[in-house]
Amino acid sequence: MRLLVTGATGLLGRELLRTATHEVVPTYHSHVVPGGVQLDVRRRDAVRDVIRSVRPDGIIHTAYQQDDWATTAEGAVNVALAADGARLVFVSSDAVFGPRETPYAEHESPCPITAYGAAKAAAETAIRAITPDAIIARTSLIIGSDGHSEEERRVRRLAAGEPGVFYTRNIRCPVHVNDLATALLELLVSSVIGITHVAGPEALSRLDLGRLIAVRDGLDPQALPFAPGTPSDIRLDSSRTQEVLKTRLRPASEFLLP
């Protein structure tokens, strides 16, 4: 299989390149990836030309920009329109939902409260209409092992005394980047279609997650500043997707063991 990976310079994109056993063609926007193809997903003609040139059997679309509708929403639509029969996996987010006390299942309709969540929800809706056999993989906070994820960098910054706090009422279901990448590659070659949830099975506050990262990295977890913050409990129920996966989605308290 020839696989096209968009957003190959990101945490997840890099892990897909490292993990995949397929022939992989990475795309990048501004930071060059060896052997990759420059691509601005906001340009429909450019997306069409790259996909026609590469002729992939599968596409994993990870590219996004949190504060840019054109990249996150329209870019995903451009990829779906140009896919031309290639198996498409679109990486979406728990941000398509708003806070509540119970987990969200795959069948539930998006109810975003942020511009980023609205962009991801719009992309999901368009992709389902354009390519009904695509996979939409919603995930949560992505954590690595080498300190390169945003959450890991934030722990180091705040532990060093930079301004900011970790919120105790901001709750998510973190997933390890390797678990996520492996699961996406597994879904790519499966018969699954439609919406999947690919997040960790354990819900943690941003403070509890930060403290686990701090302990793993030899930092003082009690030194992390915290505050209650606005309630923001968004949990993905990934149990149905986990049933069809061989990849085990580990809880953060396991993959962040020192």
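Predicted model: local features only at pLDDT ≥ 70, side-chain atom pairs only at ≥ 80, totals over all residues.
Colleague: What is Ile-213 in contact with, once its neighbours within four places in sequence are left aside?

Modeller: Ile-213 is then in contact with Ile-143, Glu-151, Glu-152, Val-155 and Leu-256. Leu-256 is 43 residues away from Ile-213 in sequence, and the C-alpha atoms of the two are 6.4 Å apart in space.

Colleague: What makes Gln-38 buried, partly exposed or exposed?

Modeller: Gln-38 has a relative accessible area of 41%, and since buried means under 20% and exposed means over 50%, with partly exposed in between, Gln-38 is therefore partly exposed. Gln-38 lies in strand β3, residues 37-38, and touches Tyr-28, His-29 and Val-50 when residues up to four places away in sequence are not counted. From Gln-38 to Val-215 there are 177 residues in sequence and 39 Å in space, C-alpha to C-alpha.

Colleague: How do you know whether Arg-55 and Asp-84 are buried or exposed?

Modeller: The cut-off for exposed is over 50%; Arg-55 has a relative accessible area of 66% and Asp-84 has 73% relative accessibility, so Arg-55 is exposed and Asp-84 counts as exposed too. Arg-55 is placed in the loop between α2 and β4, whereas Asp-84 is found in the loop between α3 and β5. Neither name hides a glycine, and yet phi is positive in each, near 55° for Arg-55 and about 55° for Asp-84.

Colleague: Which residues of the largest nonpolar core touch the most other members?

Modeller: That core has 24 residues, and Val-47, Ile-59, Leu-88 and Ile-127 are the ones that touch the most other members. Two or more residues of the core come from each of α2, α3, β5 and α4, and α2 gives the largest share, with five residues. In soluble globular proteins, nonpolar side chains tend to be buried together.

Colleague: What makes the core that includes Leu-12 and Leu-249 a second one?

Modeller: That core is separate, with 23 residues, and Leu-16 and Ala-183 are also among them. Members of a core are joined through side-chain atoms within 4.5 Å.

Colleague: Why are β12 and β14 called edge strands?

Modeller: Three strands form an open sheet in the order β12-β9-β14, with mixed pairing, and β12 (204-205) and β14 (232-233) each pair on one side only. As for β9 and β14, strands pair if at least two bridges are found between them, and two bridges join these parallel strands, so β9 and β14 count as paired. Within this pairing, Ile-171 has Asp-233 of β14 as its bridge partner.

Colleague: How many residues line the largest pocket, and which lie nearest its centre?

Modeller: The lining of the largest pocket has 50 residues, and Thr-62, Tyr-64, Gln-65, Gln-66 and Tyr-116 lie nearest the centre. The space in this pocket is about 1500 Å³, and its lining divides into 17 nonpolar, 22 polar and eleven charged residues. Elements that each supply at least two lining residues include α1 (11-19), β2 (23-28), α4 (115-130) and α5 (150-159).

Technical notes: Residues numbered from 1 in each chain as written. Heavy atoms only, no water. 1 Å grid on protein atoms, 1.4 Å probe; cavity = no way out; pocket = protein on both sides within 12 Å on 5 of 7 lines; lining within 4 Å. Points joined across faces, edges and corners; volume = space filled by probe spheres on them. Helix = DSSP H or I, 4+ residues; strand = E, 2+ residues; numbered from the N terminus. Nonpolar A, V, L, I, M, F, W, Y, C, P; charged D, E, K, R; others polar. Buried < 20%, exposed > 50% of the residue type's maximum accessible area, 1.4 Å probe, protein only. Contact = heavy atoms within 4.5 Å.
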